Structure formats: structure tokens, C-alpha cells
Amino acid sequence: MKQRAAILLGSAFVALAALVLVATRVVAADKVDPVADAKAFQNFFFQKFPNVKHEDFVNGPYSMNEDMKRQWQEKEEFPPYEFALDAGKEMFATPFKNGKTYADCFPNGGIGIRQNYPYFDEKEGKVVTLELALNRCREANGEAPYSYVKDEMASLTAYMAYTSRGKPMEIKIPDDPRALAAYENGKRYFYTRRGQLNFSCASCHVQSPGERIRAETLAPALGILNAMPIYRSEWSGMGTTSRRFVTCNSQTRAVPLEPQSDEYRDVEYFLSYVANGLPISGPGARP
Amino acid sequence: MKRSLALAMLLVASLASSARAANEADYKAAYAAAEAASREAAGMRNQWTVTVSALAAARKAADGGDFDRAVAAAREAEALAKASIFQATSEKEAWKAMEIR
């Protein structure tokens, strides 16, 4: 009798221990862990494309196709974004009506800081992108904000990116539950299918980089924002990160969100964070 | 025999009702249903461009007095909006399956 009770008690104990172990694993799977995410994200691409140099992923489709890469390298001798770069440099240095400049709004006078954007603003409790910070700078100095999808914003960010070329992306997630929530929200947005075509960002840029979608070669998601803003031949002009998100949404037949909405800011935070360590290559040029 | 006759009459009646040209009231009812579903989808931040286009097509057809086309477009818009709601609802959890871990 005693033996039976001991067996029953022992079995119950083993079952309880197993339950605790399983529950811990479930909790661990749902826990937001950006460091582990970034490692897994980068390893996925490094293993999928073992012949691509890690720092090359920031060159989008050119890292996936040797012929395209050679054409692009030749084009880089007279890059199509050069006019935007010149305009951006001039705009950046031109004082506002109150005499101040963009340099007064940013750390290090705005030079060589692109790799730190977006950041999580603990006062506001939200993600602040470079585009948003530029417009806030304008408004704080009595100037009207620029459109997030047009040339002026692209020129300014092109110049700022250029001053950071080669610097590794360095996005921080502070020890703040709101920052983790923003990161997780961005991750969710990235993987969520939307639009009549039922595509997520990952459908193209995780599942199919290097493959063609109509005439275009899809870029890998890893380092995709390091090259922003970009000159796109398809657009016959420059495009900001905001413009890229809006266009991606439209292409899946989803109504785009408003530029710099929380979701776009958060997905930029997520994508930039998982590209930490990869160099800034913006402004870029794309077919 | 009686049962067959009743069934035949029912069939004829249903065909006749579906063959009837749509009127403004039909359009308004169809459009209201489509608009409600579309609003719900937009509230979930998951509106589809094709829903917006179908709603616009319904309005345009109704403005031109073509209520058959207007009702058809409104019904299409409602179906699309409902599909986008289904997508947004299922993706609340389904996105995790795509995540790189």
C-alpha cells in the first residue's frame, strides 16, 4: 500500500516538474528578447547566403546578383543620388529664418549620427526616426515641416547618411517596457500579412530575397534600411524610408498608413535594431 | 405532384426575384453594409485598396443610375472588407509562424 502511494506521489511530482519545465519554455518563447532576435535574424541570412560578405547585405539586391553588382559599381562612379546629396548638404547648412540650423538640433551637429536612428525617446515613450527628428527640428525653429515622402526630406537624410557611411548601425533599446513594446510592435508589423495579396514584409524580404518579383530582384531584409534614402530608377527620383514603407504597402494592395505613424516608426526600429553592426551605406541607388 | 409544383414555383419565384433590376433602395442597403465592414477594417488598420476602389465604383455607378452595377460593386466591397477583417483577426497570432527564431 505504502509502495503504491509512493509511486503515485513520485509520478505526480514528475508530472508537476515536467509541467513547470514546459511552462517556463512557453514563457521564454513569448518573452521579448531583442538580442536573441537579432542574432537569429542575422544568422538566418548569413546561412541562407553563405557566399555574401556580411557587410554586403546592406547593398540590397546587388548583394544577391553578381551581374547587377558590377553594373551598380560602375554606376557609383557618377551616382544618381549625387544631386540630392549636394542639395541636402546645402539645405543642412542654410540657416532657418531665426538664424539657427539643423546642426543645433542634433548631437555632434548632426554629422555622423545616422547610425543611431531611430532611437527610443523615454520622455515621449515612442520611437523617434531621423525623418521625424528633422521635421521636429524645423517646427521648433518656426519652419513648416517637409513631406515625409518627397525630395527635400530625402535630400536631408541623404546628406546625413553620407556623413555616417561605413559606421555600424548602433540602435539601442533602453531598459524600458515601452521600448520593448515598440520593438515587439515593429516585429509584429514586419511579419504580419496584409493587403489583398496577403503579403507581409517578410514574404518578400525574408522568404524570397534574391528572387525576382516581376522585373525586380528582391532585397534581403537584413540591412535593408542601412542604405536609406535611396534613388530608385523606378521612381526616377529619391525616396525616403517613409516612401518605401508606403509603396510596399500599396504593392500588396493594402491602404498605406500615414507616414511616421507608430507602426512605421516601430518597424523601422525593429529592422534597424536587427541590422546592428552592419555599416550605413546610404544614400543608396536601386533599380 | 403537388410537391413538385410547389418546388417549381419556388424556383421560378427565386429566379424572378434575382433577375429583378436593382433599385436605389437595394443599392443603399448594399452600400451601407459594405461601408460598415470597410470602417471596421480601417479601424483594425487593415484596409485594402481594392475595397476602397470597389466602394468608389459603387458610388459612381449609383450616381449614373446603374443600380445593378452599383449593388454588385457594393457587394464586392463588402466581401473584400470582410476578407480583410478575417486577415487582420487571424494574423493577430498567425504572424508568429513566420518569425525567424
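**The largest nonpolar core**

The largest nonpolar core has 60 residues, and those that touch the most other members are A:Leu134, A:Ala158, A:Phe190, A:Tyr269, A:Phe270, A:Leu271 and A:Ala275. Helix H6(A) gives the most to this core, with eight residues. This is a predicted model.

In soluble globular proteins, nonpolar side chains tend to be buried together.

A:Phe270 can be looked at on its own. Leaving out residues up to four places away in sequence, A:Phe270 touches A:Tyr183, A:Gly186, A:Lys187 and A:Phe190. A:Phe190 is also on the list of core residues that touch the most other members.

Helix H6 of chain A covers residues 151-162, which is twelve residues. The buried residues are A:Met153, A:Ala154, A:Ser155, A:Leu156, A:Thr157, A:Ala158, A:Tyr159, A:Met160, A:Ala161 and A:Tyr162. What do they pack against? Their partners in chain A are helix H4 (82-93), helix H5 (130-140) and strand E6 (237-239).

There is a second, separate core of 23 residues, which includes B:Ala62, B:Val71, B:Ala73 and B:Ala81. As for chain B itself, it has four helices and zero strands, giving the pattern α-α-α-α along the sequence. Of the 101 residues in chain B, 29% are buried. Among contacts in chain B between residues at least 6 apart in sequence, 71% join residues at least 24 apart.

The two chains also touch each other. Chain A brings 20 residues to the contact and chain B brings 14 residues. On the side of chain A that touches chain B, the elements giving two or more residues are helix H2 (34-48) and helix H7 (177-191) of chain A. H2(A) supplies the largest share of that side, three residues. By type, the residues on this side of chain A are nine nonpolar, six polar and five charged.

Key
Residues numbered from 1 in each chain as written. Chains lettered and ligands numbered in written order. Predicted model: local features only at pLDDT ≥ 70, side-chain atom pairs only at ≥ 80, totals over all residues. Contact = placed C-beta atoms within 7 Å. Nonpolar A, V, L, I, M, F, W, Y, C, P; charged D, E, K, R; others polar. Expected span 1.5 Å × (residues − 1). Buried ≥ 20, exposed ≤ 12 C-beta atoms within 10 Å, placed from the backbone. Core = buried A, V, L, I, M, F, W, Y, C linked by C-beta atoms within 7 Å.
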